[in-house]
Amino acid sequence: MSAPPGWPSALPMHVRFSDCDMLGHMNNARFISFYEEARVAYLKKAGELVPIADYGNFILLSISCRFISPARFGEVLHACARVAKIGNSSVEFEQALFRPAQDGFEKVAEGTAVVVAFDYARNEKARVSDAIRSGMKALEATVGHEVAGA
Amino acid sequence: MKGYPVVTEEKVRYGDLDPFGHLNNVAFIRFFEQVRVAYFAKIGLWGEGGRGRCNLTLAETSCRFLAEGRWDDRLRCGGRFAKLGNRSAHMEYRLARGREVLAEGTAALVYFDFVLGRAVPIPLVLRRKIRAIEGRPL
């Protein structure tokens with residue numbers, strides 16, 4: 001299954017019966033969960049391009065989601081993530097869910113997630129490591145996307 | 001919780017924790033949803049007849065995480081309306097452990113007619129109920 005164009009990482013996710021609420025739609029909290037899976041898949045894929053010995057810890061600072069079209073039981077959605085910007089200790093992700101459509105892909109939802117590298121021993125934010133920066137940059141380059149601040 | 005007319009009491013369950021031992025971000029979104037539907041129940045949405053022909057549907061949501069939630073935390077989640085538009089409304093949420101705020105969130109809601117399949121104006125009776133609960137103009 002090909003990935004939606006412009007997105008270097010897309011994870012197929014099944015909408016399960018228990019993901020759906022009383023309206024028969026995938027519940028809003030599941031979208032957030034799919035985004036999380038997409039970010040994890042993204043990091044794993046970045047680590048396949050550039051060896052990342054230590055992913056460290058990322059904590060979530062903020063998340064947002066705009067719901068465009070209801071998702072229903074039995075669908076397979078592509079959970080996508082890409083990096084828009086890397087700061088000193090933060091990474092800004094763009095996220096989206098797509099369903100396959102006749103002429104490519106239809107966007108079901110889009111959102112953002114900002115994560116911060118965190119050092120639990122010192123209990124303070126840490127610099128995003130060079131390996132992770134390189135991995136993200138390399139992954140974005142596969143779709144011709146440049147990362148701000150990388 | 002000052003400034004939030006509807007508040008739900010929550011307890012962090014084992015299954016809400018992730019491998020870091022933190023209350024997972026998805027659980028925050030679900031707590032916001034809990035207080036949202038508690039508010040909806042107060043204004044007669046989601047009555048015994050289910051969703052009804054029209055209901056406020058979620059168009060957009062956001063959460064800003066300020067502190068970690070942990071195992072067995074007793075939390076309170078507050079909800080309020082921040083804005084009432086013609087067909088849309090905005091809500092704000094706050095999740096707190098005692099006086100410590102764990103997260104703040106927003107939701108954009110659209111009043112949707114499921115028969116017509118489109119957004120319609122929020123009825124006056126609903127606006128009145130929301131204003132009565134908020135106790136302030138919106």
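## Surroundings of T106(B)

In this predicted model, T106(B) touches E60(B), T61(B), S62(B), M91(B), E92(B) and Y93(B), leaving aside residues up to four places away in sequence; a contact here means heavy atoms within 4.5 Å. T106(B) belongs to strand 5 of chain B. Helices (H or I, at least four residues) and strands (E, at least two) are DSSP runs, numbered from the N terminus. Between the C-alpha atoms of T106(B) and C63(B), which are 43 residues apart along the chain, the separation is 6.6 Å.

## Surroundings of T106(B)

In this predicted model, T106(B) touches E60(B), T61(B), S62(B), M91(B), E92(B) and Y93(B), leaving aside residues up to four places away in sequence; a contact means heavy atoms within 4.5 Å. T106(B) belongs to strand 5 of chain B. Helices (H or I, at least four residues) and strands (E, at least two) are DSSP runs, numbered from the N terminus. The C-alpha atoms of T106(B) and C63(B), 43 residues apart along the chain, are separated by 6.6 Å.

## Surroundings of L109(B)

L109(B) is likewise found in strand 5 of chain B, which covers residues 100–113. With a relative accessible area of 1%, L109(B) is buried. Apart from residues up to four places away in sequence, L109(B) touches R36(B), F40(B), L56(B), T57(B), L58(B), A59(B), F81(B), R87(B), S88(B), A89(B) and M91(B). R87(B) lies 22 residues from L109(B) along the chain, and their C-alpha atoms are separated by 8.5 Å.

## Chain B as a whole

Chain B has 2 helices and 6 strands, and its elements follow the pattern β-α-β-β-β-β-β-α along the sequence. The radius of gyration of chain B is 16 Å, close to the 14 Å that the globule rule gives for 138 residues, so chain B is as compact as a globular protein of that length. This radius is taken over C-alpha atoms, and the globule rule is 2.2 Å times the number of residues to the power 0.38. Along its principal axes, the C-alpha trace of chain B spans about 45 × 30 × 25 Å.

Of the 138 residues of chain B, 44% count as buried. Among contacts in chain B with a separation of 6 or more, residues 24 or more positions apart account for 69%. The accessible surface of chain B is about 7100 Å², and carbon and sulfur atoms hold 50% of it. Accessible areas come from the Shrake-Rupley method with a 1.4 Å probe; for residues, only the protein chains shown count as cover.

## Chain A as a whole

Chain A has 2 helices and 6 strands. From the N terminus on, the elements of chain A run β-α-β-β-β-β-β-α. The radius of gyration of chain A is 16 Å, close to the 15 Å that the globule rule gives for 150 residues, so chain A is as compact as a globular protein of that length. The C-alpha atoms of chain A fill a box of roughly 45 × 35 × 20 Å, taken along the principal axes.

Buried residues make up 45% of the 150 residues in chain A. Where contacting residues of chain A are at least 6 apart in sequence, 70% of the contacts join residues at least 24 apart. Chain A exposes about 7300 Å², with 52% supplied by carbon and sulfur atoms.

## Residues with positive phi

Most residues other than glycine have a negative phi. N123(A), which is not a glycine, has a positive phi near 55°. N123(A) lies in the loop between strand 5 and strand 6 (124–125) of chain A, and counts as exposed at 56% relative accessibility.

In chain B, D72(B) has a positive phi of about 70° although it is not a glycine. D72(B) is placed in the loop between strand 2 (54–65) and strand 3 (74–84) of chain B. At 34% relative accessibility, D72(B) counts as partly exposed.

## The second largest pocket

The second largest pocket holds about 180 Å³ of space. Of the 13 residues that line this pocket, the closest to its centre are Y55(A), G56(A), N57(A), R127(A) and S129(A). On a 1 Å grid over the protein atoms alone, a pocket is an open set of points where a 1.4 Å probe fits, with protein on both sides within 12 Å along at least five of seven lines; lining residues have an atom within 4 Å of a point. Grid points are joined across faces, edges and corners, and a volume is the space filled by probe spheres set on the points.

Strand 5 (residues 104–119) of chain A gives the largest share of the lining, 3 residues. The lining divides into 7 nonpolar, 3 polar and 3 charged residues. Ala, Val, Leu, Ile, Met, Phe, Trp, Tyr, Cys and Pro count as nonpolar, Asp, Glu, Lys and Arg as charged, and the others, Gly among them, as polar.

## Basis of the values

Residues are numbered from 1 along each chain as its sequence is written, while chains are lettered from A and ligands numbered from 1 in the order in which they are written. In this predicted model, local features need pLDDT of at least 70, side-chain atom pairs count only at pLDDT 80 or more, and totals for chains, interfaces and linings use all residues; side-chain values use heavy atoms, with hydrogens and water left out.

How values were computed
Buried < 20%, exposed > 50% of the residue type's maximum accessible area, 1.4 Å probe, protein only.
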